[in-house]
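Thanks for coming. I have one structure to go through today, and I will keep to a few packing details. Please have a look at it first.

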Amino acid sequence: MKLPIFLKQTVLRSGAIFLVKAIGLAVRIPLYQLLGPVGTGIYQIVYAIFGFALTLLTGGFPTTLALMTAKDPQRGSQFFKGLVIPFLLLGVCSGSLCYIVAPDLAYYLGDRELAFPFRCLAPALLIVPLLQLYRGYLQGIESYGKVSISELVEQAVRAGTMLLLVVLWMKYGIHTAAGGAVFGAFTGALVALCFLWIRKSSKRPMSFGMDYGTFTESIRWAVLGPGVLLFFKSSFAITLTRLVSPTSDLLDAIIIPARLQISGLSQSEAVGVFGEISGMASITVYLPTVLTAALSYTMASKLTANWQNNKREDFIERSNLSLEVGWFWGIGSMVFLIFHADTLSSLIFGNEGAAQAIRYMSFVPIVAGMRELTTTLLWAMDQKKAPLVGSILGLVCSAITAYYLTAIPGFGYKGAAISIFVFEFVPLLWNVAMVQKQCKGAFPTGNLFSGFIFLLAIAVFHAPFNALMIRVGLDSAFIRSIGGVIFLSICVFLYMFFRFRKRKGHH
C-alpha cells in the first residue's frame with residue numbers, strides 16, 4: 001500500500017508530538033507525587049496564566065507566517081527576518097511586566113505566595129515568543145524534522161529542570177517548589193532555540209541577520225513593510241481564536257477552585273481537586289489528540305495551497321481523508337479510555353481515584369480532535385473569523401456551565417467534565433456548519449457515519465475479547481489493557497488499509 005505523502009508526514013509528526021506528550025505525562029507522575037494535589041493545583045493555576053500570556057503575545061503570528069510561507073517561501077522568509085527584533089523586544093517587555101506585577105496577580109487570586117511562581121515565568125516570556133515565530137517559519141517550508149527535534153529537546157530539558165528544581169526547592173515550601181517546576185519552561189525554550197540556531201548556522205539555509213542592516217530599519221519594516229498590515233490583520237483573527245483555549249484554562253483556574261469552596265471544600269481541598277482534574281486527568285484524556293494535532297499541523301500548508309490555487313478536488317480529497325483519520329482515531333481512543341480508565345488511573349495516580357474523571361472526559365479525543373481539524377480547514381479557506389465565533393460561543397457556555405455545576409456539592413468532577421465537553425462541542429458544531437457552507441463535500445458525513453458503525457462494532461467485540469483473555473489466564477488488568485490496545489490497533493489498521501489503499505499520494 002502506497003500511503004499518501006501527507007500521511008507519512010503525519011506519522012512522523014505525530015510520533016514526535018507523541019514523544020513530547022509522553023515525556024510531559026511521564027514527568028507529571030513523579031511531579032504529582034512530589035507536589036501532591038495541592039502543589040499540582042498551584043502549578044496549573046500559574047501555568048494557566050502563562051498559557052494565556054503567551055498566546056496573547058504570539059497568538060496567530062506563527063500560524064500566519066506558516067501559511068504565508070507555504071504560499072510564497074521568499075516572502076515568508078522576509079517577514080520572518082523583519083519580525084525577529086520586534087519579537088525580541090516584545091519578549092523583554094512582557095517578561096519585565098510579568099516580574100513586576102507578580103505580587104498583584106497573587107493578591108488577586110487570593111494567595112500572596114503565588115508571587116514567586118509567577119516571577120519564575122518571566123524569563124520564559126522572553127524566549128518563547130521568538131522560538132514560536134521561528135517554528136512557524138519552519139512549518140511553512142515543511143521542515144518538520146527540525147521543528148520536531150527542537151520540541152523534543154525543549155520538552156526533555158524542561159522535564160529535567162522541573163524535577164531537579166522541585167527536589168532542590170521543596171525544603172523552601174510548596175509554592176517555591178511549584179515555581180521551580182514553572183521555571184522549566186524557560187530552560188527548555190532556551191536550549192531549543194539554541195539548537196535551532198546551531199542547526200541554522202551549520203547549514204546556513206537562512207540567516208537571523210537582518211537584510212535591512214540596522215535595528216532601526218528592522219523596526220521601520222515591521223511597521224511600514226509591504227503587506228505588513230494584511231499580515232497583522234490575519235494574525236489578529238487567528239490570535240483571537242487561539243486565545244480562546246488559554247482563556248478557558250484561565251477562567252477554569254479562577255472559577256473552579258472558588259466554586260468548589262462554595263460547594264463545601266476547603267481552599268487546599270479545592271486546589272487539590274483542580275490539580276487532579278487539570279493537572280492529571282485532562283492530560284491523560286488529551287494525550288490521544290497528538291495524532292489529530294500532527295495531522296492538522298502537516299495538512300495546514302497543503303490545504304492552504306490547494307485552496308489558493310483553486311484545486312477544489314484536491315482540497316476536498318485531503319480534507320475528507322484527514323477528517324476520516326481524525327474521526328477513527330478519536331472514537332477508538334474514546335473506547336479505550338472508557339474500558340481502561342481504572343488501569344490508567346492506577347498507572348498514573350497510583351490508585352483508581354481518577355478513573356471516574358477519566359471516563360467522564362473520555363469524549364475529549366474525538367470532540368477536541370475534530371474541532372482542531374475543522375478549524376484548520378476554515379483557516380485554509382481564509383475563513384479566520386468563523387472558528388473564532390464558534391470558540392467564543394463555546395467559551396461562554398463552558399464558563400457558565402463550570403460556574404453553576406461545580407458549586408453543587410459532590411458534583412465537582414462531573415461539572416468540570418461537562419464544561420470541557422461544552423467548550424469543545426459547541427465550536428465543533430459551528431465549524432462543521434461553516435465548512436459545509438464554504439465547500440460542499442469537504443465534510444464527509446457519510447464516510448464518518450460508516451466509520452462510526454465499524455468502531456461501534458469493535459466496542460461490542462471488546463468485552464468478549466477481554467473475557468477471552470481472562471479465560472486463558474491473563475488476570476492482570478495491565479496485561480489485558482495492553483491486549484486491548486493491540487486488538488483495537490489491529491482493527492483500525494485493517495479498516496484504514498482497505499479504506500485508503502486506493503488513494504494516491506500528492507507530492
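Before the details, one term: a crossing of two helices is right-handed if the near helix is turned clockwise from the far one by less than a right angle, and left-handed if it is turned anticlockwise. Also keep in mind that this is a predicted model.

Start with helix 2, residues 61-71, and helix 5, residues 122-140. Their crossing is right-handed. The two axes come within 7 Å and cross at roughly 25°. Angles under 35 degrees count as roughly parallel, so helix 2 and helix 5 are roughly parallel to each other. On the helix 2 side, the contact is made by Phe 61, Pro 62, Leu 65, Ala 66, Thr 69 and Ala 70. Helix 5 brings Gln 132, Leu 133, Gly 136, Tyr 137, Gln 139 and Gly 140. By class that is seven nonpolar, five polar and no charged residues.

Now the other neighbour. What is the angle between the axes of helix 2 and helix 11? They cross at roughly 55° and come within 9 Å, helix 11 being residues 290-308. That makes helix 2 oblique to helix 11. This crossing, too, is right-handed. Ala 66, Leu 67, Ala 70 and Lys 71 of helix 2 meet Ala 300, Ser 301, Thr 304 and Gln 308 of helix 11. The classes here are four nonpolar, three polar and one charged.

Last, a lysine in a loop. Lys 384 sits between helix 15 (364-380) and helix 16 (385-405). Is Lys 384 buried or exposed? Its relative accessibility is 11%, so Lys 384 counts as buried. From Lys 384 to Ile 238 is 146 residues in sequence, but 6.2 Å in space, C-alpha to C-alpha.

How values were computed. Residues are numbered from 1 along each chain as its sequence is written. This is a predicted model: local features need pLDDT of at least 70, side-chain atom pairs count only at pLDDT 80 or more; totals for chains, interfaces and linings use all residues. Side-chain values use heavy atoms; hydrogens and water are left out. Axes are lines fitted to C-alpha atoms, for helices over the stretch in contact, and angles run from 0 to 180 degrees between N-to-C directions. Helices (H or I, at least four residues) and strands (E, at least two) are DSSP runs, numbered from the N terminus. Angles under 35 degrees count as roughly parallel, over 145 as roughly antiparallel, 65 to 115 as roughly perpendicular and the rest as oblique. Contact means heavy atoms within 4.5 Å. Ala, Val, Leu, Ile, Met, Phe, Trp, Tyr, Cys and Pro count as nonpolar, Asp, Glu, Lys and Arg as charged, and the others, Gly among them, as polar. Buried means under 20% relative accessible area, exposed over 50%, partly exposed in between (1.4 Å probe, protein chains only).
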